[in-house]
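Subject: Two-chain model for you to look at

Hello,

Here is the structure I promised to pass on. Please open it alongside this note; my findings follow below.

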Amino acid sequence: MSQSRDSKLNPSRLTRRRMLQATGAGGVTMVPGLGHMGWAQAQDKPAIGTWPAGSQGNTVYVAAAVPLTGTYAVQGADELKGWELAVEHINTNHPLMKTLAPKVNNGVLGKKVELKSADSAAKPNQALQAAQTFINQNKVILLTGSTSSAVAVAMNKFAQREKILYMPGISGSNDTTGKDCVRYGFRQGYFGEMAANSIGPILLKTFGRDRKMAFMTPDYTYGHTTTESTERFLRDKGGWKTVTNQVSPLGTQDFSQYLTNIANSGAEFLMNVNWGRDAVLSSQQAKQFGLLPKMTLVLPYQIPFFAKEAGVDISEGVFAATDFWWTLEDKYPLAKQFVEAFQKKFGYRPEWGAENAYVSFAHWARMVTETGSFYPPDVIKHWEKGEKIPSLVGDVHYRPEDHQCVRPVFVVRGKAKKDMRNAEDFWEVVDTQRGEDVIQSPTAFGCKLGDYT
Amino acid sequence: MFTWGNFISQCFNGLVLGALLALISSGLTIIYGTLGVLNLAHGAMFMLGGYAGWVAYTYTGSFIVAVAAGAIFVMLVGVVTERLIIRHFYARPHEDQLLVTFGLGIVFVELVRYFFGSLSKTVPPPQALAGITPLGFMVYPTYRLALLGIVTVALLALYFILYRTRIGMIVRAGIEDAVMVDSLGINIQKVFMLVFGIGAMAAGFAGIVNAPVVAVAPDVGDAILVQTFVVVVIGGVGSFPGAVLGGLIAGEIISLTSMFNPAYSYVMLFIAMTLVLVLRPYGLLGTVGRE
């Protein structure tokens, strides 16, 4: 044992055969018959993460750790459907996918794509365990999932350490592509700062200056950064004042104590940054406590299925900033294709979680196929060229400095029941903001991307 | 921020929350006291009550039918579970009992998720109890006020059963010394089944009467279970008055702390529990040496 170890370490005895064995021991299986090519590859592109082992079969695996239980279960299930549809479209050359990623050809680079998924319950530990399992068992080449920025931030670091690409699902924290950004992570979706800068102007235009607001904030990175961004915009641009900020743990069910504090605060606006079921319950209870409709409810960061769960009597008139709403199909032909394909497969119109999931995978497929290789540093470098690429809502680009997609943000307002054209016609798009106008400078939140290898 | 209006409002919140916790905890504590089984499926039973009630409400539109359905269904679940599963674990180590009830809890939650999905369900309060009542110091949801009354009545009923009936006497005797009760010729097996049923019913009843306040979802019982344990520890294991006192204390701690900083309300609750464990390990109204 020790003899063979020594011989491997002794440079004078390093033959090509030994070199291949050593590389093999590092987790790489060389394809027989590659001859000189294999040697060249091993030399200037050492194995990294699950490359090349993960892309040597007929199938490449991508993995999602997504909340299917807990506070964000409903949103997670919708997201998962978006990924499923994207993978199906990648493997079948769907016209929509061919528009978003033209070089996709019944798969990527000659491989079928298969999606693996597991429940994260929106908990970082559970998500990391699932991701690790998929790496061990399937040698996945792309990780995704989150619907809690706490998970996204943890997965970011994990992806960077494991050198596997990661695209968060829903992640609203400024930190995901801010102070906790990584070289291996790319975010398609909008986040707190973009949401605040999008919804702020219309709030000031509609309600004027110098108003009093109460925040309800979930106690983790998404909540704190989104509240801070929203508060900053309205304070600096419109003199709005925060009279109280009620911070609650994720998964709170009874909000009576928080609402009592707000009832006694003199606030005119209830800025509900809570998310998932927390947002639904806190808003419903705000109504029970008579805070609504006395105060005006605002959802800075839109929650999929909010109107359906909380009821139209609560969502009516509410402003929210969002990544996507299905009525955008009237304006964007690709959105229409997506909504139709999604509805046909799943029986309802997609929410923004599904849209973000679908487009994220489409962008990944585009980058890999354009690069012509699964080698992660090459894919990242291609991605960092920041080319304009199509999305469902017009052309977008990723910034090389923080890997954030610069994309439009939409402001919607809840419709009254009588104005709804169908059972899912909850929101009306009232404003569109260009990504460039609402995003902060790439260095504002302290992003340092880290290494390629 | 502190104002007297807010203080009184929060005291009131604490009372409502505390009453609810008291009811759920009393179910847990009598099961543990009598059977010696720590029922980790108690939270899931709370949830089942909500769903059974929701189903009944959907079909009948009657809140009273929903409450009855929630309570009775969970009692039946309790009785059947005791008969088929729990009974085989009395003689086994505590770890086995924890595992089996923990597993049952997961099964209940996942079954509900399988049949009803993750989207939360709403049971509206009866028409007469909808709306808001001005209390002077604040406006308060009428149903939450009613909830205080409903839970108080339920606790009184439970008190009556435990302290004013023959079966209650047997149960209390069983809490003190099950072997002796058995030796005296009382069919303790039947009593155990009944106790498990009553304990489960308390959770199920709480689950449905709480549904109009927080909506029903598969994992609604998870957080409740933890709080209920704290209440039982504070009040004293196996003590019905302890559960009531512990519930009210826990409710007030959560509410009053949140007046200053909501993030610390559960920290304070656990600090209180730790203090009780250090100073009075058997709980405020518990009995020394009771297992």
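First, a definition: two residues are in contact if their C-beta atoms, placed from the backbone, lie within 7 Å. Axes are lines fitted to C-alpha atoms, for helices over the stretch in contact, and angles run from 0 to 180 degrees between N-to-C directions. Helices (H or I, at least four residues) and strands (E, at least two) are DSSP runs, numbered from the N terminus.

This is a predicted model, in which local features need pLDDT of at least 70 and side-chain atom pairs count only at pLDDT 80 or more, while totals for chains, interfaces and linings use all residues. Residues are numbered from 1 along each chain as its sequence is written, and chains are lettered from A and ligands numbered from 1 in the order in which they are written.

**Chain A**

Chain A has 17 helices and 14 strands. Its radius of gyration is 23 Å, close to the 22 Å that the globule rule gives for 453 residues, so chain A is as compact as a globular protein of that length. (The radius is taken over C-alpha atoms; the rule is 2.2 Å times the number of residues to the power 0.38.) The C-alpha trace of chain A spans about 80 × 45 × 35 Å along its principal axes.

Look at the sheets next. Strands of a sheet pair through backbone hydrogen bonds, either parallel or antiparallel. Here two strands count as paired if DSSP finds at least two bridges between them.

One open sheet in chain A has seven strands, in the order β6-β5-β7-β8-β9-β13-β14, with mixed pairing. β6 and β14 (427-433) of chain A are the edge strands, and each pairs on one side only. On average, neighbouring strands of this sheet are turned by 20 degrees against each other, direction ignored. Inside it, β9 (residues 319-322) and β13 (residues 409-414) of chain A pair in the antiparallel sense over four bridges. Phe319(A) has Arg413(A) in β13(A) as its bridge partner. Helix α11(A) lies across β5 (212-218), β7 (269-272) and β8 (296-299) of chain A. It runs at about 160 degrees to β7(A).

Another open sheet in chain A has four strands, in the order β2-β1-β3-β4, and its pairing is parallel. β2 (112-119) and β4 (165-168) of chain A stand at the edges with a single partner strand each, so one side of each is left without a neighbour in the sheet. β3 (residues 142-145) of chain A pairs with β4(A) in the parallel sense over four bridges. There, Leu143(A) stands opposite Tyr166(A) in β4(A).

**Chain B**

Chain B has 11 helices and two strands. From the N terminus on, its elements run α-α-α-α-β-β-α-α-α-α-α-α-α. The radius of gyration of chain B is 19 Å, close to the 19 Å that the globule rule gives for 291 residues, so chain B is as compact as a globular protein of that length. Its C-alpha trace spans about 60 × 50 × 35 Å along the principal axes.

Two helix pairs are worth a look. The axes of α2 (residues 42-60) and α8 (residues 188-214) of chain B come within 7 Å and cross at roughly 50 degrees. That makes α2(B) oblique to α8(B). (Angles under 35 degrees count as roughly parallel, over 145 as roughly antiparallel, 65 to 115 as roughly perpendicular and the rest as oblique.) The crossing is right-handed. A crossing is left-handed if the near helix is turned anticlockwise from the far one by less than a right angle, and right-handed if clockwise.

The axes of α1 (residues 4-35) and α5 (residues 142-164) of chain B come within 9 Å and cross at roughly 30 degrees. That makes α1(B) roughly parallel to α5(B). This crossing is left-handed. Contact residues include Leu15(B) and Val16(B) of α1(B), and Arg144(B) and Leu147(B) of α5(B).

**Where the chains meet**

The contact takes 27 residues from chain A and 28 residues from chain B. On the chain A side, α4 (73-92), β6 (241-248), α10 (256-263) and α11 (276-288) give two or more residues each. The largest share, six residues, comes from α10(A).

Best wishes
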